[in-house]
Amino acid sequence: MTSEFQPPYVPLYGVSSALQTGGFTLLHAADVQRWLPASPTELDALHAGWNDLPPDAYLKDGGRYRRRRHSCFVVDGAEVSAVPHRAHWQPLEYNALHGGMQRWFEPMQPELLALPVWGRLLSQVGEAVSELRGRQPWFVEAHSFRIDTTDGIGRPTPEGAHRDGVDLVAVFMLGRHRIKGGESRVFEADGPNGQRFTLQEPWSLLLLDDQRVIHETTPIQPVEPGTLGWRDTLVLTYRSGGFQGG
């Protein structure tokens, strides 16, 4: 049996210093609710949209384990602006498996983006990256993911340990259903040190300085063979200067 390492959560007042010194930070769900701020009811309403995610048609490993949507925004302080729907593109330097492809995913549902909590969420994460890099407009890609065990195993990061080519990555753990595995691993990009832990708590949050660390998540399996399980996350990437791919 594999040991499950607990996330090294930090208190709210330590978010900025943890990012600056260690390259990543973790928040308990209760602190996330205070930080955004958001009520459990608001967050549940947002997570409801994960029951309507189309299959990812671009998986080069032939898998059927990933469902997702994708939308883009510009965040400038408290101002959040949606941009016309665009492809998700990454260079091969950052995604050796799916880089160099224009991947046109279905956009996130309009009723979710109209929720007041959505704008607060994007703006607050923007504050975190502005403390790290300086205040400026941020080009944000939002990904709603469900990784499931349709094929008996699901791979949250089929590309392996990687950077995303952005300034900050935010991973909100939304929920786990009848699975084991899915361990998060964060390593120094230019050194030997790293940490491993399993995010279990709905609406806990992992923030990553993408210029300093690489990250991956191990595969998931169903708790009972032959049953369907899944892992839901909201992944936001914040980049200065423009979106990747122009």
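Here is a walk through this structure, from its sheet to a few residues in it.

A word on the model: it is predicted, so to speak, with local features needing pLDDT of at least 70 and side-chain atom pairs counting only at pLDDT 80 or more, while totals for chains, interfaces and linings use all residues. Residues are numbered from 1 along each chain as its sequence is written, and side-chain values use heavy atoms, with hydrogens and water left out.

Let's start with the sheet. Seven strands make an open sheet, in the order β1-β9-β5-β12-β4-β2-β3, with antiparallel pairing. Here strands (E, at least two residues) and helices (H or I, at least four) are DSSP runs numbered from the N terminus, and two strands pair if DSSP finds at least two bridges between them. At the edges sit β1 (24-27) and β3 (79-82), each pairing on one side only. On average, neighbouring strands of this sheet are turned by 20 degrees against each other, direction ignored. For angles, axes are lines fitted to C-alpha atoms, for helices over the stretch in contact, and the values run from 0 to 180 degrees between N-to-C directions.

Arg 146 has Asp 232 in β12 as its bridge partner.

Now for the helices. Helix α1 (residues 15-22) packs on the sheet, touching β1, β5 (168-177) and β9 (204-209), and its direction makes about 150 degrees with that of β1; contact means heavy atoms within 4.5 Å. Helix α5 (residues 116-133) lies across β2 (66-76), β3, β4, β5, β9 and β12, running at about 55 degrees to β12.

Next, zoom in on Arg 176, in strand β5. Arg 176 is buried yet has no salt bridge, and the nearest side chain of opposite charge, Glu 4, is 5.1 Å away. Buried means under 20% relative accessible area, exposed over 50% and partly exposed in between (1.4 Å probe, protein chains only). A salt bridge needs a side-chain nitrogen of Lys or Arg within 4 Å of a carboxyl oxygen of Asp or Glu. As for charge, Lys and Arg count as positive, Asp and Glu as negative, and His and the chain ends are not counted.

Finally, a few backbone details. The peptide bond from Leu 36 to Pro 37 is cis, with omega near -15 degrees. Trp 203, in the loop between β8 (194-197) and β9, has a phi near 70 degrees, a positive value in a residue other than glycine. Trp 203 counts as buried, at 4% relative accessibility.
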